[in-house]
Amino acid sequence: MHNPQLNKHGELQHLLTIDGLPKAIVNHILDTASSFVSVSDREVKKVPLMRGKSVFNLFFENSTRTRTTFEIASKRLSADVINLNIAASSTSKGESLLDTIDNLAAMHADMFVVRHATSGAPFLIAKHLNDTKQHHVHVVNAGDGRHAHPTQGLLDMYTIRHYKKDFTNLTVAIVGDVLHSRVARSDIHALTTLGVPEVRVIGPRTLLPGGLDQMGVRVFNNMDEGLKGVDVIIMLRLQNERMSGALLPSAQEYFKSYGLTPERLALAKPDAIVMHPGPMNRGVEIDSAVADGPQAVILPQVTFGIAVRMAVMSIVAGNSGGV
Amino acid sequence: MHNPQLNKHGELQHLLTIDGLPKAIVNHILDTASSFVSVSDREVKKVPLMRGKSVFNLFFENSTRTRTTFEIASKRLSADVINLNIAASSTSKGESLLDTIDNLAAMHADMFVVRHATSGAPFLIAKHLNDTKQHHVHVVNAGDGRHAHPTQGLLDMYTIRHYKKDFTNLTVAIVGDVLHSRVARSDIHALTTLGVPEVRVIGPRTLLPGGLDQMGVRVFNNMDEGLKGVDVIIMLRLQNERMSGALLPSAQEYFKSYGLTPERLALAKPDAIVMHPGPMNRGVEIDSAVADGPQAVILPQVTFGIAVRMAVMSIVAGNSGGV
Amino acid sequence: MHNPQLNKHGELQHLLTIDGLPKAIVNHILDTASSFVSVSDREVKKVPLMRGKSVFNLFFENSTRTRTTFEIASKRLSADVINLNIAASSTSKGESLLDTIDNLAAMHADMFVVRHATSGAPFLIAKHLNDTKQHHVHVVNAGDGRHAHPTQGLLDMYTIRHYKKDFTNLTVAIVGDVLHSRVARSDIHALTTLGVPEVRVIGPRTLLPGGLDQMGVRVFNNMDEGLKGVDVIIMLRLQNERMSGALLPSAQEYFKSYGLTPERLALAKPDAIVMHPGPMNRGVEIDSAVADGPQAVILPQVTFGIAVRMAVMSIVAGNSGGV
């Protein structure tokens with residue numbers, strides 16, 4: 001499918017994936033986010049950039065945490081936010097996804113923030129809006145299936161840039177259940193785009209997808225080896241349903257092989273930072289001593305995430321679609 | 001029950017039903033809506049008419065779509081909106097409907113938008129507020145049982161007026177499950193009030209209520225005959241639960257007899273418009289070629305629906321109750 | 001546990017309980033609420049005191065009514081409100097309560113309104129925020145287990161002061177299921193703090209906790225005796241689950257012994273007021289003739305409750321934490 005996120009002038013009209021996103025656009029998002037970090041610190045945490053705009057949170061898959069970050073970002077941009085739990089709505093009455101989208105667009109929506117269990121759903125929506133010339137509506141992907149979670153990828157980049165300044169001399173390790181992770185996929189694309197020379201992926205064979213070599217990453221099944229000398233460690237969440245599944249013996253066994261302990265962290269560079277998209281499973285993929293330790297930047301990730309979402313929303317809202 | 005929607009000066013203080021609503025009030029609503037259609041097109045889609053007012057969406061029956069239209073309408077009028085899913089609330093703790101209403105009114109509510117599975121519930125609420133002199137609260141019926149859905153009826157009239165200008169030379173056909181439809185009932189009252197000379201109802205005997213003749217409509221069981229020469233076709237949604245029920249053989253059979261296909265549409269006037277309250281069952285009551293065709297005005301209905309709801313809300317909020 | 005609700009200057013930075021709250025602070029809250037009562041009466045019911053602040057309604061236990069009052073209070077203070085139904089959220093993904101709190105605080109929350117089934121949860125949260133120097137976040141207890149419901153206690157005091165002016169010559173009776181009531185506990189502390197000379201508790205032995213004597217209250221198992229000559233009657237709600245439980249024979253029996261009828265009310269002072277936190281069980285703890293009678297001040301309680309919550313929120317938001 002042609003990537004419909006750029007308009008004919010090459011501007012970002014939807015944010016669907018980091019894959020194929022020009023470096024200049026990524027940097028523009030990070031620079032814009034930088035200006036919003038201070039907004040959240042002010043006494044009055046609002047800017048009028050999207051005043052009177054209608055943002056619809058279309059969560060076909062429940063995610064209170066992600067929905068909350070977009071809701072806050074929208075409100076700090078002064079937009080009106082409508083939360084739709086779509087599972088409980090018209091699609092259950094047999095209406096098709098695209099009929100639902102057309103209906104909401106006809107209410108003069110300005111933006112759909114879309115979370116969907118099916119990979120590609122936000123693409124389908126954006127393509128349909130483009131094809132039917134409903135250019136007033138912008139789509140932001142808030143996570144689709146195993147495919148992409150671009151705002152998480154971007155906030156991870158913002159965090160790395162904040163602490164490490166320069167991407168071009170870094171070694172970054174992504175650890176855990178890469179196979180089922182849309183975060184990992186978005187991070188790998190973003191790190192590559194920004195010129196990180198060495199991206200490592202660490203995990204058990206059963207939780208690593210094929211084709212990682214072609215993405216230009218180094219694969220490690222042994223965590224101690226993979227962590228040696230890295231600047232950044234991105235831990236992934238182990239989904240509950242994997243813990244007692246066929247792919248893994250048990251959560252305890254997993255922690256023994258791939259849990260990030262202070263001892264293992266000591267193998268990385270002394271100033272390495274530890275990231276996690278949350279919510280954490282303490283004692284499964286990460287030891288509390290690390291999660292609460294001085295190298296963890298997990299809560300700053302959350303703070304930066306609001307600013308990055310404000311940046312994405314205000315940028316796409318400002319670029320006319322389809323032209 | 002005395003219709004409590006007009007105050008002593010004959011002004012609209014609640015909107016409960018179109019039945020008995022003076023033509024002048026209907027026209028005033030449509031004229032006011034007209035001024036709001038452009039608001040939704042603006043860069044900043046807000047007017048301060050209800051700033052600081054508290055609108056409660058009281059949905060005793062779930063309807064994401066209708067709730068969303070009222071929520072958007074409220075926010076574009078700058079009101080504060082509180083969504084209450086009442087099924088999950090105090091009524092489940094054994095509190096009576098009117099105690100719940102009194103409680104919310106005591107919070108200085110300005111408006112209740114009420115959806116209820118029981119016909120007459122919004123009347124009961126409005127009457128209680130009038131009787132207890134809680135005149136600061138206005139009620140808007142967002143659909144009660146099989147009885148009425150007045151804002152849908154009004155947006156249908158707005159749509160017809162937009163495309164046909166004059167009501168007094170029209171033939172309008174309403175097609176489908178009229179028996180269970182509050183939309184059909186509201187439309188028939190509105191069309192009659194506005195002077196439409198011929199209103200037709202088309203459907204199988206099992207889905208048509210008694211007493212249609214007394215309402216001044218012509219009844220057709222054969223769709224081809226009923227569609228001949230009409231200016232406006234209002235398709236009704238076939239509820240899922242009817243599709244395999246005792247009243248109908250099957251959805252396929254229904255489509256064969258009452259589905260709107262391009263061939264059938266050709267029996268109407270060449271410039272006939274096709275309306276549907278949504279959500280559509282494509283291939284059941286309507287063919288996709290018609291739903292997406294040039295005569296369909298189904299998405300404009302949605303757009304006008306926001307403006308009509310803004311009109312209704314701002315009008316009733318401006319008329320003091322009970323005096 | 002040290003009470004963490006006051007900062008080092010003795011100012012209210014969180015509202016967790018009325019127990020131990022200085023009389024001056026209680027009076028300051030009531031005086032501030034008094035100025036907000038008129039706000040809800042205005043055409044535009046908003047003041048800009050918390051404009052741009054982010055208030056999170058963290059309801060770990062469902063309570064539509066209480067959440068609604070805080071949502072309205074927040075919006076009338078011009079704050080942005082985020083409603084989180086936490087049961088459906090990350091805690092169900094195995095994240096700990098305090099990780100959830102840290103995450104939300106990292107989004108630059110200004111206030112958590114917390115409802116939790118576990119006694120002490122809001123304390124735990126406030127203590128954690130203090131300990132980790134997240135002083136920008138304020139906690140308001142919206143009801144925790146059987147422990148406290150301080151804003152209900154304060155609105156009860158506001159109501160009594162409104163009708164009786166002076167606390168120091170009153171006899172107040174609290175009637176019903178005191179054992180399971182956080183409202184009763186908060187009321188007893190507040191009444192004592194404000195100098196009410198006689199607080200009575202009336203109920204069956206099975207629904208009265210031990211230790212009431214030490215709290216300085218007089219205990220009555222006979223309702224007629226307990227009501228004699230009182231100025232204020234606070235009825236408690238009988239929870240549905242008690243009605244057919246081991247502690248009580250039946251709802252009918254309960255009404256016979258402890259239901260407030262007009263006859264029983266006549267035993268109190270002629271100008272006695274009747275209060276109830278809602279939702280009422282008519283015919284169980286209270287007769288409709290009393291609930292709707294001239295001595296009931298149950299709906300004014302609701303109105304005052306919005307003003308009291310606005311007062312509490314604006315006061316704690318204005319006091320810097322931890323310093």
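In this predicted model, the side chains of B:Glu61 and B:Arg182 meet in a salt bridge, with N and O 3.2 Å apart; a salt bridge here is a side-chain nitrogen of Lys or Arg within 4 Å of a carboxyl oxygen of Asp or Glu. The pair links distant parts of the chain, since B:Glu61 sits in the loop between strand 1 and helix 2 (64–76) of chain B, while B:Arg182 belongs to helix 6 (residues 182–193) of chain B, 121 residues apart. Helices (H or I, at least four residues) and strands (E, at least two) are DSSP runs, numbered from the N terminus. B:Glu61 is partly exposed, with a relative accessible area of 24%, whereas B:Arg182, at 12%, counts as buried; buried means under 20% relative accessible area, exposed over 50%, and partly exposed in between, with a 1.4 Å probe and protein chains only.

Because the model is predicted, local features need pLDDT of at least 70 and side-chain atom pairs count only at pLDDT 80 or more, while totals for chains, interfaces and linings use all residues, and side-chain values use heavy atoms, with hydrogens and water left out.

Side chains of opposite charge can pair when their charged atoms come close. A second example is the salt bridge between B:Glu71 and B:Lys75, whose closest N and O atoms are 3.0 Å apart. Both residues lie in helix 2 of chain B, 4 residues apart, which is about one turn of the helix. B:Glu71 is buried at 4% relative accessibility, and B:Lys75 is also buried, at 17%.

In chain C, C:Arg218 forms a salt bridge with C:Glu198 at 2.8 Å between the closest N and O atoms. C:Arg218 lies in strand 7 (residues 218–220) of chain C and C:Glu198 in strand 6 (residues 198–202), so the pair ties together parts that are 20 residues apart in sequence. C:Arg218 is partly exposed, with a relative accessible area of 44%. Salt bridges can also join into a network, as with A:Glu61, A:Arg115 and A:Arg182. Over all chains, the count comes to 48 salt bridges.

Turning to chain C, what surrounds C:Arg115? This residue lies in strand 3 (residues 111–116) of chain C and is buried, with a relative accessible area of 6%. Contact means heavy atoms within 4.5 Å, and, not counting residues up to four places away in sequence, the residues that C:Arg115 touches include C:Phe59, C:Glu61, C:His149 and C:Arg182. The side chain of C:Arg115 also makes polar contacts, one with the side chain of C:Ser63 at 3.5 Å and another with that of C:Thr66 at 3.3 Å. A polar contact is a pair of N or O atoms within 3.5 Å; within protein, one must be able to donate a hydrogen and the other to accept it, and residues adjacent in sequence count only if both atoms are side-chain atoms.

The next topic is how chains meet. Between chain A and chain C, 26 residues of chain A are in contact with 25 residues of chain C. The two chains bury about 2,200 Å² between them, 49% of it on carbon and sulfur atoms, where buried area is the accessible area (1.4 Å probe) that two parts lose on being put together, summed over both. In chain A, A:Lys45, A:Arg65 and A:Leu299 lose the most area to chain C, together 19% of what that side buries. This interface holds 3 salt bridges, and C:Asp110 and A:Lys45 meet in a salt bridge of 2.3 Å, N to O.

Finally, chain A can be laid on chain C with an RMSD of 0.0 Å by a turn of 120° and a shift of 0.0 Å along the axis, which is the relation of a three-fold axis. Such copies are superposed by least squares on the C-alpha atoms of residues with pLDDT of at least 70 in both.

How values were computed:
Residues are numbered from 1 along each chain as its sequence is written. Chains are lettered from A and ligands numbered from 1 in the order in which they are written.
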